[in-house]
Amino acid sequence: MTKRKMFRNEYLWKGLIMAGGLFMIIITLIIAFFLIFKGSGTFTQFGHSLAEFLFSASFSPGSSVGGESGAVGSAAFIMGSILTCGLALLISTPFSLAAAIFMTEIAPKFGNRVLQSAIEIFVGIPSIVYGWTGLTILVPAVRDLFHLPYGNTIFTAALVLALMIFPSITSVSADAIRGVPKEFHDAAYGLGATRWQMIHKVVIPAARSGIVTGVILGLARAFGEALAVAMVIGKTKAFPKSLLNSGSTLTSIIASNMGNTFDGTEYNSALWSMALLLFLISLFFIVLIHLISAKGAKKAYGKD
Amino acid sequence: MTGLFYAVAAFFLILLMAFASYVIIKGFMGASPEMFTFSRKGILNQLFNTVYLVALSLLISCPIGMAAGIYLSQYAKRGKLTSAIKMCIETLSSLPSIVVGLFGYLVFILMTGMKWNLMAGALAVSILSLPLITTTTADALNALPLPYRDGSMGLGATKWQTVHRVLMPACSPRIITGVILAAGRGFGEAAALLYTAGMSTDINWSNWNLSSPMCPLNPFRPGETLALHIWSSFTESTAVNAKDIANLSSAILMILVLVFNVCIRILSKKLDAVKKGG
């Protein structure tokens, strides 16, 4: 290989590789641009207020181009998202924490070999399979348990989501707990702490920011899940009165209605606004994780 | 207290085993021989679409993702551009897949004026797997010991030669693990494909004219995947045995997950062997 060819190759590949890096920025900006462009139509083109979109529960947008306009209040779906994800988190977090502590502190060998693999399999199961199994097992079970006419409820969706986010929270929390220096354990034992005292008073506080990050990641996954939720939640558009009502989430309403609307209609535009809202929520979660890990780092290294 | 933790761990192991075996057994219990055919009543067309779509998406996302990963770990200097790229990767990785699906619907279907097609689905799945491939490549390269690079540069290799001949081969098992993970995600993806790949499939296996919409290998034909097949048998099934078909599709997806897991396990064993100098 001649020297000249060598350098030409060098610069050619450097350029290509840099293009790959820049592509990540470009694709993100394009996605953000289109979401903002399509999502703002509800407010600019159809003249609805942001307050109506966020806080009103009456949803009856016009479905033909240039036809009558209706209401785009999405509070029912926002509430549906918050209820399902919040409840899923409440169910999942204690179990996840217990599993993470078990596999790192109590039975590390068994935990790393068996439980870790099990959790990896859990993470890999497609959400549609969770949804379908939820539909065939959980929906009838919830119906019979609470003597309801049908089992497609917000509670059922929360159960499915809880099962889906459990492995994510567990694996991030376990990583955080593994990151706690061994001296912490030794020092706690040296002071006469029992194992549970050591875990409870030393290890968990030390790993707190990592654990919270795991919980937020789980929450983000739950917020973004569409089809599994849509299969079990019942798809009604009314504001949910109780956890045993059927409802809709932001994602499920997009998934089940986008195909029936035409581009440029008010209905379509309202769905895009919800997609934009989902995008903003996921950005918010990222910022939150950064703030927490910055705070955690400061606590760990700043004070001593 | 300890007993409680044992109980939780045991509960989840049992739950996973029960879940996996329930899905697989139930899937095959209701299966009939005609479901294993390449026809309207079978699901092998959908299985083929799934594999084809994931292969297409990896063809797109692997070069770009690996380039971005190499850039981040080897070429990028600390600065605004690098942190912007990192932020974008995080944003992409946390995008809900339905949002990516909508974006794909708008850009690859509505704006190009085409009908639902496999290529649009593959592009949407690529957007989802890009961040995963990028971060695994960057992490794998960063985890290599420095002497690899120093030794190669010391012998007079250029940076690209070092990356291409020394660093990438050295960490290839880890990168392949990442690619398999991305493929696994692609196999199960449904929300991003709902409005891109379409919910119908019509293949004629004796037609090998690439431009025909019936040709199996034509990437610009509608191609329903297995995961979407479950969704469509929930929403718009007309077949009597839609439930059995969905059960079987779930079972096959579950088996795919298990197979992928075994592959990753074998690869990481190999990686450990390489690390130990074996």
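Helices (H or I, at least four residues) and strands (E, at least two) are DSSP runs, numbered from the N terminus. This is a predicted model, in which local features need pLDDT of at least 70, side-chain atom pairs count only at pLDDT 80 or more, and totals for chains, interfaces and linings use all residues. Residues are numbered from 1 along each chain as its sequence is written, while chains are lettered from A and ligands numbered from 1 in the order in which they are written.

**View 1. Chain B is built from ten helices and zero strands.** From the N terminus on, its elements run α-α-α-α-α-α-α-α-α-α. The C-alpha atoms of chain B fill a box of roughly 70 × 60 × 35 Å along the principal axes. Chain B averages a pLDDT of 87, and 97% of its residues score at least 70; pLDDT is the predictor's confidence in each residue, from 0 to 100. For the complex, the predictor gives an ipTM of 0.88 and a pTM of 0.89.

**View 2. Helix H9 (residues 226–235) of chain B is largely enclosed by the rest of the structure, because eight of its ten residues are buried.** A residue is buried if 20 or more other C-beta atoms lie within 10 Å of its own, exposed if 12 or fewer, and partly exposed in between, with C-beta atoms placed from the backbone. The buried residues of H9(B) include B:His229, B:Ile230 and B:Trp231. Across chain B, buried residues make up 46% of the 278 residues.

**View 3. At the interface, 60 residues of chain A are in contact with 61 residues of chain B.** Contact requires C-beta atoms, placed from the backbone, to lie within 7 Å. Elements giving two or more residues to the chain A side include helix H1 (3–39), helix H4 (75–106) and helix H13 (266–302) of chain A. H1(A) gives the most, with 19 residues. By class, this side has 44 nonpolar, eleven polar and five charged residues. Ala, Val, Leu, Ile, Met, Phe, Trp, Tyr, Cys and Pro count as nonpolar, Asp, Glu, Lys and Arg as charged, and the others, Gly among them, as polar.

**View 4. The largest nonpolar core has 163 residues.** Such a core is a set of buried Ala, Val, Leu, Ile, Met, Phe, Trp, Tyr and Cys residues joined through C-beta atoms within 7 Å. Helix H7 (residues 154–178) of chain A gives the most to this core, with 17 residues. Among the residues with the most contacts inside the core is A:Leu227. Not counting residues up to four places away in sequence, A:Leu227 touches A:Ser127, A:Ile128, A:Gly131, A:Ala255, B:Ala190, B:Ala191 and B:Trp231.

Methods. Two residues are in contact if their C-beta atoms, placed from the backbone, lie within 7 Å.
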